Amino acid sequence: MRIFQKARDIAHLLCSPDEMDFCVGDYLVAGGGDNSLLLQVLDVSYADVPGVLEDILRDLSAEQTDGRSLFDPYNVSSLSLLMREIRAVEAKVRGVISSGKLRTDTVWLPDRFSSPIRRADADTLMSLTAQMGHRAISLGKVGEEEFSIQAESLDGGLTIITGKKESGKSHMAKILLEGLISHGATVVVLDLNGEYLNLNRTKSGEKSAIEKALRILEPGVNFRVSPEQVGLRCFMDVLEHVYGTPPTSCREFARIWHVLEREESRVTLRSLINMINRSPMHEAVREALMSRVMSIEASSFVCDDGTTDLQSLLGRDSEGSLVVLNLRNLQQTTRRLVVEFLLSTLSNLLRADLVRPLFLLAEEAHLYLRETYWDDIVTRMRHLGLFPIFVTNQPDSIPDSVYRQADNVFLFNFSNEADLEKVSKASRVDGESIRTLGRSLPPRRCLLVGRMVGDIPVVVKVRDSNLQTMGQTKLIFKDKELVAQVSS
Ligand SMILES: Nc1ncnc2c1ncn2[C@@H]1O[C@H](COP(=O)(O)OP(=O)(O)OP(=O)(O)O)[C@@H](O)[C@H]1O
Ligand SMILES: [Mg+2]
């Protein structure tokens with residue numbers, strides 16, 4: 001393999017087909033002494049050999065004349081045959097490795113004819129990408145070697161996991177969860193499809209390593225809160241953003257709340273309903289408030305005897321803890337109500353330093369997160385100690401500003417240009433790398449971008465997980481095939 005030319009940060013290499021022990025996204029190292037060039041393979045094509053069109057035409061004609069060979073006394077055809085099969089490799093120059101560190105500020109280039117070029121192994125990549133930290137999370141393999149990232153690189157940041165349907169996003173999320181929890185982190189999961197409920201078991205049904213850490217919250221069953229726990233401010237947000245209550249009705253509600261606080265020992269749903277019934281107000285306002293409060297009562301999540309205490313659930317101990325909020329089978333409004341309460345409570349607890357900083361893993365968050373929360377989560381709440389991990393197969397459901405602030409992106413395959421364009425807004429890598437590599441990722445491969453890989457994008461073959469999952473889609477025909485097999 002030889003370097004043919006380099007223009008800006010793109011290098012073109014030439015190699016024979018049997019030298020190609022690499023895939024798109026893999027790294028090559030050119031040079032062997034004190035310095036070497038780090039190159040990431042973007043594309044492979046045929047070399048532009050002069051006269052190749054004539055050669056192919058001659059070949060085709062020879063086939064037509066029963067393959068009669070041409071007069072070739074010096075056997076030059078075998079050499080020209082080899083030349084025509086040379087491959088051209090397009091690679092992105094990521095920098096120069098000098099004394100074990102990657103530098104981008106040098107103009108050093110390897111010798112064109114004598115420099116050896118080899119595939120970079122996982123250890124080389126990890127030593128270049130590893131940030132400070134010693135809490136490894138194994139993600140899978142690069143080539144045939146194990147590749148891991150440091151849990152510290154996810155800490156304090158915003159992470160996005162995206163890719164097309166069934167590409168392995170939730171699978172990756174579970175690998176990360178397991179790693180983070182085993183290193184003592186607290187993770188709260190907003191579980192839309194009930195996929196994370198069985199993480200206490202391994203695939204073979206035994207107790208998993210995170211069995212002790214898992215707590216499942218079922219809104220309306222073991223997760224019920226009183227109106228006082230919700231508080232007036234959160235109640236007002238719920239009325240405004242979840243139920244679209246007009247401002248005049250919201251103001252009336254606040255007035256009633258204050259009256260109840262003054263006159264009675266505690267604010268309950270019953271006392272709120274009674275007060276709305278008998279307090280003098282416009283009939284339209286009474287109607288608007290009554291229907292909303294009745295709907296909140298019907299959710300069974302807010303109830304007068306609700307007592308779930310998130311603070312004690314999240315605890316302050318240094319053991320890892322996983323709280324899964326099951327949002328499956330909930331009505332749209334109840335789901336939004338629960339999330340509204342959870343986020344407002346978490347930010348209060350974090351502000352008062354009553355719980356440790358935590359990761360919030362949210363699948364398809366646009367289905368329950370109100371518009372104004374995106375910026376709030378990535379700015380204000382992040383400073384308080386709530387670090388989001390967003391998982392989605394619809395990249396356009398996440399605002400551009402969130403991509404720009406992303407510290408880490410796990411990208412699975414996208415064939416749709418518009419989706420790749422959206423993800424390429426992530427500011428930590430050039431858009432071209434995301435577009436080129438994201439399009440060519442095979443199944444089970446993930447492109448890692450951002451802080452976790454020291455801003456050098458790495459393609460990893462994602463490992464299997466031992467944890468039991470419940471994400472599989474129920475099928476009609478799978479069962480029928482089984483029945484047919486059993487009965488035959
Ligand atoms: N690296 C892997 N090794 C083994 N199985 C995997 C791997 N990645 C994904 N799977 C399996 O493939 C299936 C689909 O993966 P997963 O549910 O993570 O996809 P998804 O991208 O979250 O899909 P959706 O868009 O429907 O949410 C699951 O059964 C999962 O266990
Ligand atoms: Mg999924």
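Because the model is predicted, local features need pLDDT of at least 70 and side-chain atom pairs count only at pLDDT 80 or more, while totals for chains, interfaces and linings use all residues. Residues are numbered from 1 along each chain as its sequence is written, chains are lettered from A and ligands numbered from 1 in the order in which they are written, and side-chain values use heavy atoms, with hydrogens and water left out.

Reader: How much of the accessible area of ligand 1 does the protein cover?

Author: An oxygen atom of ligand 1 is 3.0 Å from a polar backbone atom of Glu 166, and a backbone N or O atom of Ser 167 lies 3.1 Å from a ligand oxygen. On the side-chain part, an N or O atom of Asn 393 is 3.2 Å from an oxygen atom of ligand 1. Accessible areas come from the Shrake-Rupley method with a 1.4 Å probe, and for residues only the protein chains shown count as cover. Of the 630 Å² that ligand 1 has on its own, the protein covers 80%.

Reader: Is Glu 195, whose side chain makes a polar contact with that of Ser 170, buried or exposed?

Author: Glu 195 sits in the loop between strand S11 (186–191) and strand S12 (214–217). Its side chain is 3.3 Å from that of Ser 170, a polar contact being a pair of N or O atoms within 3.5 Å, where within protein one must be able to donate a hydrogen and the other to accept it, and residues adjacent in sequence count only if both atoms are side-chain atoms. Buried means under 20% relative accessible area, exposed over 50% and partly exposed in between (1.4 Å probe, protein chains only). At 8% relative accessibility, Glu 195 counts as buried.

Reader: How many residues apart in sequence are the parts that Glu 228 and Arg 266 tie together?

Author: A salt bridge is a side-chain nitrogen of Lys or Arg within 4 Å of a carboxyl oxygen of Asp or Glu, and the closest N and O atoms of Glu 228 and Arg 266 are 3.8 Å apart. Glu 228 lies in helix H5 (residues 227–242) and Arg 266 in the loop between helix H6 (247–263) and helix H7 (269–278), so the separation of the parts they tie together is 38 residues.

Reader: Which helices does the salt bridge between Lys 422 and Asp 400 tie together?

Author: The closest N and O atoms of Lys 422 and Asp 400 are 2.7 Å apart. Lys 422 and Asp 400 lie 22 residues apart in sequence, so the pair ties together helix H13 (residues 417–423) and helix H12 (residues 400–405).

Reader: How many salt bridges does a search of the whole structure find?

Author: One of them joins Arg 103 and Asp 105, with the closest N and O atoms 3.2 Å apart; Arg 103 is partly exposed at 37%, whereas Asp 105 is exposed at 58%. The search of the whole structure finds a total of 22.

Reader: Which helix holds Leu 57 of the nonpolar surface patch?

Author: Leu 53, Ile 56, Leu 57 and Leu 60 make a patch of about 400 Å². Patches are made of residues with over 30% relative accessible area and no salt bridge, like charges being joined within 9 Å and nonpolar side chains (Val, Leu, Ile, Met, Phe, Trp, Tyr) within 5 Å. Leu 57 is partly exposed at 47%, and its place, in residues 52–64, is helix H1.

Reader: What is the phi of Asp 353?

Author: Asp 353 is found in the loop between helix H10 (332–351) and strand S14 (358–363), and at 53% relative accessibility it counts as exposed. Although Asp 353 is not a glycine, its phi is positive, at about 60°.

Technical notes:
Helices (H or I, at least four residues) and strands (E, at least two) are DSSP runs, numbered from the N terminus.
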